[in-house]
Amino acid sequence: MAPDLVVRRARPGDAPAISRLNNTFANEGQMLVRSPEVIALAIDDYVVVQVARGELLACGALKEYSPSVAEVAAIAVSRDAHGQGLGRTIVGAVEALARKRGIFDVFALTLQPEFFAAVGYQRVDRARYPEKIRRDCLGCARRFACNEICFAKNLLADQTAVPLAA
Ligand SMILES: CC(C)(COP(=O)(O)OP(=O)(O)OC[C@H]1O[C@@H](n2cnc3c(N)ncnc32)[C@H](O)[C@@H]1OP(=O)(O)O)[C@@H](O)C(=O)NCCC(=O)NCCS
């Protein structure tokens, strides 16, 4: 990663920039729309990659479903910065947050299966995560036409931890 980039927990003031980054791709149907207000309410669950004292280039969140299971969610990298390893870095930062909270079973529901496979996730049946299905999928308008694929990683078996600044 470039030396002028910082990987850190998100702060309340980041919510508008995270929302803009997220919604660039949400408007193309690649992820869910998230307002600054909704993000601010969950800001402790977000991590970011920022150019030192500059713009946010990547964001992601850990969405907890139980004391031991969480989703790696809302992963987005600024289009200009694609292909430079920031997607891998931000997923690693979300995983670092999971480890910090004692969560080692993480999953993602994604339209980018090759990306998650490249960063060490295994394809699994989403039925493995009934908490996700109960909380989000059953009420979703696309539940009968969902094309998201479930990927999971066991962090106890993974040695690629990323350090995460406050
Ligand atoms: C998916 C996304 C996060 C990838 O970010 P990125 O910074 O370009 O990814 P990286 O450079 O860290 O790539 C990591 C690995 O994934 C692979 N990869 C990344 N995007 C890929 C894609 N669309 N198809 C296939 N492989 C991909 C890379 O080749 C790389 O593999 P390698 O390390 O074996 O060479 C980015 O394209 C994005 O923000 N997309 C829009 C939002 C989105 O779809 N988010 C996912 C929602 S769950």
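I began with the ligand: 21 residues lie around it, and His-82, Gly-87, Arg-88, Glu-114 and Ala-118 come nearest. I counted a residue as near if its C-beta atom, placed from the backbone, lies within 6 Å of the molecule.

This is a predicted model: local features need pLDDT of at least 70, side-chain atom pairs count only at pLDDT 80 or more, and totals for chains, interfaces and linings use all residues. Residues are numbered from 1 along each chain as its sequence is written.

I then asked which elements build the shell. β4, α3, β5 and α4 (113–118) each supply at least two of its residues. Helices (H or I, at least four residues) and strands (E, at least two) are DSSP runs, numbered from the N terminus.

Next I looked up the largest nonpolar core, which has 40 residues; Val-47, Ala-58, Cys-59, Ile-90 and Val-94 have the most contacts inside it. Such a core is a set of buried Ala, Val, Leu, Ile, Met, Phe, Trp, Tyr and Cys residues joined through C-beta atoms within 7 Å. Buried means that 20 or more other C-beta atoms lie within 10 Å of the residue's own, with C-beta atoms placed from the backbone. β4 gives the largest share of this core, eight residues.

Last I checked α1. Its buried residues are Ala-15, Ile-18, Ser-19, Leu-21 and Asn-22. They lie on the same side of α1, because they cover an arc of only 165° around the axis, taken from the directions from the helix axis to the C-beta atoms.

Conventions:
A residue is buried if 20 or more other C-beta atoms lie within 10 Å of its own, exposed if 12 or fewer, and partly exposed in between; C-beta atoms are placed from the backbone.
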